[in-house]
Amino acid sequence: MSSKIEILVPAADPALLSLDELRALAPSLTDDQLTALGLESSEWVASLCGVRTANGYPPTFKAETLRETFLGYPSIWGADLVLGRKFLSGVTVLENGMALVEGADFVVQDVQGIIERVSSGWPVAWWGVPVVVEYTAGFGYGSPPTPVPALLKAATTDYVRLRFN
């Protein structure tokens with residue numbers, strides 16, 4: 001089932017590497033150049049990983065609050081909703097205007113970005129449209145903030161190294 005994504009609260013800082021981490025990789029650049037490089041490298045990694053975006057914001061793995069609206073029925077009854085983002089928290093779901101309860105009406109597979117409709121613990125079909133899902137996706141959210149995984153930082157670091165070495 002296709003969806004429309006809206007970014008309600010964009011990432012405060014979409015860069016995956018800090019200025020200090022970037023400075024260690026490219027010491028001859030100014031802070032403005034490092035900031036631009038940090039955004040470019042982070043966007044490159046997110047784009048390669050297929051991160052969906054909207055509203056003209058660059059794709060990022062940093063935490064953003066989104067609204068995703070599914071207007072059609074899934075092609076297979078009972079199919080899970082596959083969200084445009086992964087690493088979810090704070091998920092709310094409205095099905096045909098009715099609020100659903102996490103754990104009782106739906107189950108979130110946060111790392112995969114999948115929502116399954118359930119009833120009495122059993123998978124069931126999504127039967128009402130539209131289905132509107134609001135959630136926060138990404139890293140750097142919460143208290144304490146969730147850290148950016150080392151593999152994402154490593155990929156971003158590799159991009160910077162290839163660009164400036």
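**Salt bridges and a buried pair**

Reader: Arg 23, is that one buried, partly exposed or exposed?

Author: Arg 23 counts as partly exposed because its relative accessibility is 31% (buried is under 20% relative accessible area, exposed over 50%, partly exposed in between, with a 1.4 Å probe and protein chains only). This is a predicted model, where local features need pLDDT of at least 70, side-chain atom pairs need 80 or more, and totals for chains, interfaces and linings use all residues. Residues are numbered from 1 along each chain as its sequence is written, and side-chain values use heavy atoms, leaving out hydrogens and water.

Reader: OK, which residue does Arg 23 form a salt bridge with?

Author: That's Asp 31, and the closest N and O atoms of the pair are 2.5 Å apart. A salt bridge here is a side-chain nitrogen of Lys or Arg within 4 Å of a carboxyl oxygen of Asp or Glu. Asp 31 is partly exposed too, since its relative accessibility is 39%.

Reader: How many salt bridges does the structure hold?

Author: Eleven. Another of them joins Glu 64 to Arg 85, with 2.7 Å between the closest N and O atoms. Glu 64 is in strand β2 and Arg 85 in the loop between β3 (81–82) and β4 (88–95), so this pair ties together parts 21 residues apart in sequence. Strands are DSSP runs of E, at least two residues, numbered from the N terminus.

Reader: And are Glu 64 and Arg 85 buried or exposed?

Author: Both Glu 64 and Arg 85 are buried. Glu 64 gets that label because its relative accessibility is 3%.

Reader: Then what does Glu 64 touch?

Author: Leaving aside residues up to four places away in sequence, Glu 64 is in contact (heavy atoms within 4.5 Å) with Ile 7, Val 9, Pro 10, Ala 11, Arg 85, Tyr 135, Thr 136 and Ala 137.

Reader: Switching topic: which residue pairs with Arg 67 at 2.9 Å?

Author: Glu 134, and 2.9 Å is the gap between the closest N and O atoms of that salt bridge. The pair links distant parts of the chain: Arg 67 belongs to strand β2, while Glu 134 belongs to strand β9 (residues 131–137), 67 residues apart.

Reader: Why are Arg 67 and Glu 134 called partly exposed?

Author: Arg 67 is partly exposed because its relative accessible area is 25%. For Glu 134, the label comes from a relative accessible area of 29%.

Reader: Which residue joins Arg 67 and Glu 134 in a network?

Author: Glu 6 does: salt bridges link Glu 6, Arg 67 and Glu 134 in a network.

Definitions and conventions: Helix = DSSP H or I, 4+ residues; strand = E, 2+ residues; numbered from the N terminus.
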